[in-house]
Amino acid sequence: MEPQPHVVAGSGVDLPALRLLSAIAEVGSITAASRTLGITQQAASTRMRRLERQLGVTLLVRGPRGSSLTLDGTMAAQWAAETVEAADRFDAGVAALRLAGQAKPLAIAASLTVAEYLLPRWLMTLRGRDQAEHAVSVTATNSTHAIELVTDRSHQLGFVETPTEIPGLLTTTVAKDELVVVVAPQHAWARRRGVSAAELARTPLVTREKGSGTRLSAEQILADAGHEIPDPLAELPTTAAVRTAVASGAAPAVLSILAVRDDLTAGRLVRVPVKSLRFVRELRAIRSPGGAPLRQLESLLSIAARNV
């Protein structure tokens, strides 16, 4: 049984038949063409008769000494060669796209908050959506460094928490995140109904390092309310380190609700409301303009916007 033919749109003609017609014109006979294409002469003859019926044109003159193309067959063979060449270019191009998509992982630079608490779920959804494993490489870092990685195009996509404009990059808001003030259960603020923004601004905090989106967002929100914060009591490189320092009673901190939800539920940390001030920030995806579109990238952005 012959494999299912590739059909030329709008004509009902299959590409193997056109390939055979083109080969006959090139090598001079149906016998030589069948050998070139690796099919039997009987199969080639059957295919050509079917093609003639489909086209309503006599393509071959058949005689005891073999078959040769008619004038109409010669013209049709030229068009067949062009069609086959275009189809081959199409197949090669699609194969290259498929190979490129498999060979090159989607490189993502994500702020620690996104990398730890949101991105894993987004990637699992991405994998389940297409029932295929997408090649993804993730660099977890602070927002400032993530911007640098996307700007120099070593990473195609970034997720950041910074509140400021990012020149030269395309930005898309994918979620909103709330920052909360947290303290240890034994801290004096834990027994209060809240603190003022001014009191928070006067209090040295435990913070992430400079360049952290969480730190920049908290400072910007306080600055917009007319407050400046003092130098931190301690600067630590990870959110986990900040949570540990706060739980030990060192000082308050302003952290994403995503990062402290379990600690609040377990009673390891206590949330302290800030009177008349809400700490809400945007989580944004960033990418370079003019970059090659990647299906994984567009799919991931869609998932991020729907699964926070």
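This is a predicted model: local features need pLDDT of at least 70, side-chain atom pairs count only at pLDDT 80 or more; totals for chains, interfaces and linings use all residues.

Residues are numbered from 1 along each chain as its sequence is written, and side-chain values use heavy atoms, with hydrogens and water left out.

**Exercise 1.** Classify the packing of helix 1 and helix 2.

Solution. Helix 1 (residues 15–27) and helix 2 (residues 30–37) pack at about 120 degrees with axes 8 Å apart, where helices are DSSP runs of H or I with at least four residues and axes are lines fitted to C-alpha atoms over the stretch in contact, with angles from 0 to 180 degrees between N-to-C directions. The pair is therefore oblique, since angles under 35 degrees count as roughly parallel, over 145 as roughly antiparallel, 65 to 115 as roughly perpendicular and the rest as oblique.

**Exercise 2.** Classify the packing of helix 2 and helix 3, and list the contact residues.

Solution. Helix 2 and helix 3 (residues 41–55) pack at about 110 degrees, with axes 9 Å apart, and are therefore roughly perpendicular. Ile30, Thr31 and Ser34 of helix 2 meet Gln41, Ala44, Ser45 and Met48 of helix 3, contact meaning heavy atoms within 4.5 Å.

**Exercise 3.** Is Thr70 buried or exposed?

Solution. Thr70 lies in the loop between strand 2 (66–69) and helix 4 (71–103). Its relative accessibility is 15%, so Thr70 counts as buried (under 20%; exposed is over 50%, partly exposed in between, with a 1.4 Å probe and protein chains only).

Methods:
Helices (H or I, at least four residues) and strands (E, at least two) are DSSP runs, numbered from the N terminus.
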